[in-house]
Amino acid sequence: MSDALKFFSETIRAASQSRPLRLRGGGTKDFYGQSFEGEVLDTRACAGVTAYEPTELVVTANCGTGLAELEAALHANRQMLAFEPPYFGAGATVGGMLAAGLSGPRRAAAGAVRDFVLGVTIMDARARVLRFGGTVMKNVAGYDVSRLVAGSMGTLGLILDASLKVLPLPVAETTLRFEMPEDKAIEALNRWAGRPLPISASAWTGSELALRLSGAAAAVRAACEKLGGGRVGDGEARAYWSGVREHTDPFFRGDIPLWRLSVPSNAPPLALPGAQLIEWGGALRWLATSADARVLREAARRAGGHATLFRGGDKSAGVFQPLEPALAKIHAKLKASFDPEAIFNRGRMYTEF
Amino acid sequence: MNMPITGTAFLKRAQVIGRLRLALPEACVLFDAEDMRPYECDGLSAYRELPGVVALPENEEQVRHALRACFELGVPVVARGAGTGLSGGALPMANGVLLSLSKMKRILAVDPVARVARVQPGVRNLAITEAAAPYGLYYAPDPSSQIACSIGGNVAENAGGVHCLKYGLTVHNVLRVRGVTIEGEVVEFGSEALDAPGYDLLALVTGSEGMLAVTTEITVKLVPAPEAARVILAAFDDVERSGTAVAAMIAAGIIPAGLEMMDRAATRAVEEYVHAGYDLNAAALLLCESDGTPEEVEEEIARMTEVLRGAGAYDFRVSQNEAERLKFWSGRKAAFAAMGRISPDYYCMDGTIPRKRLAEMLRFIAALEAKYGLRCPNVFHAGDGNLHPLILFDANDPDELRRTEAFAAEVLEKCIEVGGTITGEHGVGIEKINQMCVQFSPDELEQFRAVKRAFDPKELLNPGKNIPTLHRCAEFGKMHVRGADLPFPGLERF
């Protein structure tokens with residue numbers, strides 16, 4: 001254990017403005033983000049679940065821990081990471097999951113990665129070990145740096161470990177399928193979300209809407225009766241949601257650039273060219289399209305959201321939506337406060353830092 | 001007491017008043033001591049200070065001008081909501097501006113389809129739920145002060161409530177915060193989508209105690225009101241057993257909508273006040289709530305009852321109707337007010353600990369009661385591990401006040417020792433600033449200040465709260481001793 005930390009701290013001390021580092025776990029999300037620079041620092045040197053107490057609803061794992069290993073430990077106790085993080089490959093690690101900040105199908109119902117982060121330990125650019133947050137459910141001491149680290153693409157520091165809130169697995173789960181066009185699907189998803197129904201995931205594509213219900217057996221049964229639709233077999237449903245989560249579903253195959261448009265759930269159909277898959281009760285619109293970045297960004301902005309070039313395509317227009325000047329200034333200063341010489345994952349989020 | 005302001009400070013104050021009066025209507029700038037008296041403290045009334053000036057902006061444009069003026073003149077600004085905070089986060093500064101957002105209290109929009117409400121910072125927490133109720137929706141976080149506290153203050157403190165375990169804190173229920181930096185720039189953190197590009201500044205700003213920006217508009221999430229809710233009132237003859245029951249509930253895969261505990265002293269104090277029919281002989285009472293569809297609640301109440309029985313509860317009562325449910329809750333909700341009846345003053349603490357250390361913590365507090373000769377009933381958000389021990393004292397007795405502070409400091413440091421935190425939901429403010437030196441290392445505190453400077457280069461927004469200077473920690477004499485608990489003991493420290 002201490003060997004790994006010595007290795008990290010020596011590597012970080014040897015890095016500099018002219019010798020930056022690229023923080024990397026299993027490399028399953030190499031496709032995601034703006035660009036790479038620097039020598040790889042393999043975070044898998046520091047692995048393992050260090051504390052897990054099911055009755056505290058908290059697990060702590062080192063950065064290089066396999067996500068599969070972590071989830072297996074939770075499932076053995078009938079618990080889960082409620083935000084269903086995508087792996088995008090067998091080698092996914094806890095550190096990479098947190099740095100990428102991506103959440104899966106349950107996000108609209110349960111929350112995102114950041115909602116389940118209770119604490120992190122990072123090594124900063126001066127190789128100092130800093131710990132923020134903790135292992136308890138409620139903690140407002142100091143600024144919430146641990147949630148800030150979620151989705152920061154490794155640009156603020158090397159994540160050493162993370163403490164996450166976990167939840168019990170639902171007792172019952174059923175998937176329903178409906179035939180409906182896009183506008184009706186968006187309308188129905190928003191209407192249902194305003195009622196106390198145990199909806200845990202949704203996906204619309206083509207002309208078909210899939211809806212997953214999870215919770216107490218009685219609640220799922222009652223919701224099925226209220227909603228109608230066709231029931232999908234359990235095996236088929238599991239495979240389907242895994243395909244949506246992991247992007248192995250046929251929709252996500254192919255070489256067309258994949259865009260991720262995050263918009264208010266009730267935004268009307270965006271009427272953009274390309275094939276579309278809608279998740280998160282209408283709030284996440286995946287588009288496989290060769291349309292111009294400016295067109296997509298403008299459509300997302302008008303709808304009240306933003307667009308990310310998620311996979312493939314020409315990254316020169318910027319993978320992430322450019323920031324407003326006042327926010328860009330705060331970002332640059334925050335980055336400099338953690339990593340003044342920009343040695344960590346330079347350019348991975350925005351080319352400016 | 002405030003010293004008279006003289007010399008250069010006097011000139012500066014005149015300048016500030018002049019600049020504020022250019023930007024705000026005359027009635028919105030207060031500088032007479034009598035007018036400013038209501039702003040001299042927040043809910044932590046042991047700390048008082050008359051501000052230099054009070055500004056009451058009516059809109060974002062006025063906030064912008066006021067902040068810009070303070071930035072240019074180098075004058076500190078303390079933002080204030082309803083003033084119900086319990087950690088002195090809105091304690092004014094004699095040489096600063098107290099910026100009250102209480103005039104900005106409009107609900108701008110309730111969108112029942114998108115399930116969001118757009119509100120100004122001065123809107124009361126409960127007013128949002130009232131506005132959403134006709135659509136079958138509500139705003140989930142419900143701090144005990146929800147009738148009075150403002151949503152802007154909730155964002156500043158990342159306020160909680162009794163339903164956090166299932167429904168989350170403020171940070172989980174806010175989508176977007178629009179605010180103004182000390183330089184007078186308008187910024188938006190988060191968005192009305194589920195995420196925003198770049199760093200999660202929304203999370204950073206939530207709970208930042210008004211030290212990064214001043215909030216001018218908030219979009220909150222609304223969630224469907226449950227169709228049914230019932231609560232079990234369970235009695236235990238032993239505190240240890242009630243702690244075990246909490247763990248057993250979680251182990252059984254149940255996340256109650258509320259899970260609250262009161263010890264015997266707290267129960268006796270509140271029973272006298274609300275007459276809820278509590279069992280006065282119980283060592284601990286647990287309130288365990290289930291909500292959802294009627295079918296779901298029935299199923300869950302049966303499972304909860306089984307768990308509580310297995311954990312050794314000797315008596316249960318399940319609420320049979322809404323009136324009874326509210327009656328069971330009445331004592332817990334009135335706990336603070338009840339303390340005010342049996343003691344001239346009380347001091348409320350707010351540590352969070354791992355649930356499994358609860359019994360140990362209660363024994364520790366009982367020992368301190370004997371050591372300091374003070375009573376300390378306990379109410380507890382058991383589901384979240386968030387403790388509210390209430391030390392009863394008389395502020396007119398200087399020695400009691402001194403003993404109370406020493407008592408509280410020992411409890412907070414014990415929270416850190418058992419792996420918890422000094423504040424779960426009330427904030428650090430001025431009250432717990434010394435204990436920050438124990439919970440965080442000098443490097444961590446330095447990083448917090450660097451984060452602040454990224455937003456507020458001159459450190460003018462609410463300075464002196466939340467994050468202590470290293471100098472202050474040195475004076476306090478307690479530099480961070482986490483000892484064997486250091487996360488990476490093998491690593492060299494610098």
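## Contact between the chains

The model is a predicted one.

## Domains of chain A

Chain A is split into domain 1 (2–168) and domain 2 (172–315). The centres of these two domains of chain A, taken over C-alpha atoms, lie 27 Å apart. In the contact between them, 14 residues of domain 1 meet 16 residues of domain 2. The domain 1 side of this contact consists of eight nonpolar, three polar and three charged residues.

## A five-stranded sheet in chain A

An open sheet in chain A has five strands in the order E3-E4-E8-E6-E7, and the pairing is antiparallel. Strand E3 (49–53) and strand E7 (129–133) of chain A each have a single partner strand, so each has one side without a neighbour in the sheet. On average, neighbouring strands of this sheet are turned by 10° against each other, direction ignored.

Strand E6 (residues 117–123) of chain A has seven of its seven residues buried, so this strand is largely enclosed by the rest of the structure. E6(A) is joined to E8(A) by six bridges, and A:Val120 stands opposite A:Ala162 in E8(A). E6(A) is also joined to E7(A), by five antiparallel bridges, and here A:Ile122 faces A:Leu130 in E7(A). E6(A) and E7(A) make up a hairpin with five residues between them. In the turn of this hairpin, A:Ala127 has a positive phi of about 65°.

Strand E8 (residues 158–165) of chain A also pairs with strand E4 (residues 58–62) of chain A, in the antiparallel sense and over five bridges. In that pairing A:Val59 is opposite A:Leu164 in E8(A).

## A five-stranded sheet in chain B

Chain B has an open sheet of five strands in the order E5-E6-E10-E8-E9, with antiparallel pairing. Its edges are strand E5 (107–111) and strand E9 (186–190) of chain B, each with a single partner strand, so one side of each has no neighbour in the sheet. Neighbouring strands of this sheet are turned by 15° against each other on average, direction ignored.

Strand E10 (residues 214–221) of chain B is mostly covered, with seven of its eight residues buried. This strand pairs antiparallel with strand E6 (residues 116–119) of chain B over four bridges, where B:Val119 has B:Ile218 as its bridge partner. E10(B) also pairs antiparallel with strand E8 (residues 174–180) of chain B, over six bridges. In E10(B), B:Val220 stands opposite B:Val174 and B:Val214 stands opposite B:Val180.

| Strand pair | Sense | Bridges |
|---|---|---|
| E4(A) and E8(A) | antiparallel | five bridges |
| E6(A) and E8(A) | antiparallel | six bridges |
| E6(A) and E7(A) | antiparallel | five bridges |
| E6(B) and E10(B) | antiparallel | four bridges |
| E8(B) and E10(B) | antiparallel | six bridges |

## A helix pair in chain B

The axes of helix H10 (residues 264–274) and helix H13 (residues 335–342) of chain B come within 9 Å of each other and cross at roughly 85°. H10(B) and H13(B) are therefore roughly perpendicular. From H10(B), the residues in contact are B:Ala266, B:Ala269, B:Val270 and B:Tyr273. They meet residues of H13(B), among them B:Ala335, B:Met339, B:Arg341 and B:Ile342. The contact of H10(B) with H13(B) has nine nonpolar residues, no polar residue and one charged residue.

## A:Trp280

A:Trp280 lies in the loop between strand E15 (275–279) and strand E16 (284–288) of chain A. Is A:Trp280 buried or exposed? A:Trp280 has 26 C-beta neighbours inside 10 Å and therefore counts as buried. Apart from neighbours within four places in sequence, A:Trp280 is in contact with A:Arg107, A:Ala108 and B:Leu194. The C-alpha atom of A:Trp280 is 9.0 Å from that of A:Leu189, and the two residues are 91 residues apart along the chain.

Methods:
Residues are numbered from 1 along each chain as its sequence is written. Chains are lettered from A and ligands numbered from 1 in the order in which they are written. This is a predicted model: local features need pLDDT of at least 70, side-chain atom pairs count only at pLDDT 80 or more; totals for chains, interfaces and linings use all residues. A residue is buried if 20 or more other C-beta atoms lie within 10 Å of its own, exposed if 12 or fewer, and partly exposed in between; C-beta atoms are placed from the backbone. Helices (H or I, at least four residues) and strands (E, at least two) are DSSP runs, numbered from the N terminus. Two strands pair if DSSP finds at least two bridges between them. Domain bounds come from an automatic or database domain assignment. Two residues are in contact if their C-beta atoms, placed from the backbone, lie within 7 Å. Ala, Val, Leu, Ile, Met, Phe, Trp, Tyr, Cys and Pro count as nonpolar, Asp, Glu, Lys and Arg as charged, and the others, Gly among them, as polar. Axes are lines fitted to C-alpha atoms, for helices over the stretch in contact, and angles run from 0 to 180 degrees between N-to-C directions. Angles under 35 degrees count as roughly parallel, over 145 as roughly antiparallel, 65 to 115 as roughly perpendicular and the rest as oblique.
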